[in-house]
Amino acid sequence: MMPGGLDPISELQRLTVSLRGGFEQKDCCLVFHFTGQLDAYSEKQFMEYVADVLKANKLPAVLDLSKIDFLDSSGLGALVQLAKQCTDAKRSFLLVGNTRVTQTIKLVRLEEFLHLVEDLPTALNQLAA
């Protein structure tokens, strides 16, 4: 059990009605998995959850958003905030998206700032290198 009562995933926890999330610790990093909608309704719980896990552990982080159905401007704002916190803390941070998430991020030209990569194996290889 990690501090704050957050366990690595056996199944995704319900963060809101529309968002589930969890994380697992790999050799080189923490991998967060989310499914559902990252939007104005779930952004606060998403931020609190990720921040609590990151506080308890100094490993690099990968946010796997490949199972996210919907990302709005509030969700994007949360991702920008997280990227900024990771950069300020000198923590490596990568984001994995699906077609919809990637399209939204590229539309606002944030793919470099959010360290967007194609898939989870790519992210893990980059952090292991």
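Me: In which sense do β5 and strand β6 pair, and over how many bridges?
Reply: β5 and β6 (residues 116–117) pair in the parallel sense over two bridges. Strands are DSSP runs of E of at least two residues, helices are runs of H or I of at least four, and both are numbered from the N terminus. Two strands pair if DSSP finds at least two bridges between them. The model is predicted: local features need pLDDT of at least 70, side-chain atom pairs count only at pLDDT 80 or more, and totals for chains, interfaces and linings use all residues. Residues are numbered from 1 along each chain as its sequence is written, and side-chain values use heavy atoms, with hydrogens and water left out.

Me: Which residue in β6 is the bridge partner of valine 96?
Reply: Valine 117.

Me: And what joins β4 to β5?
Reply: Strand β4 (residues 61–71) runs parallel to β5, with four bridges between them. Leucine 63 has leucine 95 of β5 as its bridge partner.

Me: Are the side chains of β5 buried or exposed?
Reply: Strand β5 (residues 93–96) is covered on both faces: Phe93 and Leu95 are buried on one side, Leu94 and Val96 on the other. Buried means under 20% relative accessible area, with a 1.4 Å probe and protein chains only.

Me: Why two sides?
Reply: Because side chains in a regular strand alternate between the two faces of the sheet.

Me: Changing topic, what is the strand order of the sheet?
Reply: The six strands form an open sheet, β1-β2-β3-β4-β5-β6, with mixed pairing. Its edge strands, β1 (13–14) and β6, each pair on one side only.

Methods
Buried means under 20% relative accessible area, exposed over 50%, partly exposed in between (1.4 Å probe, protein chains only).
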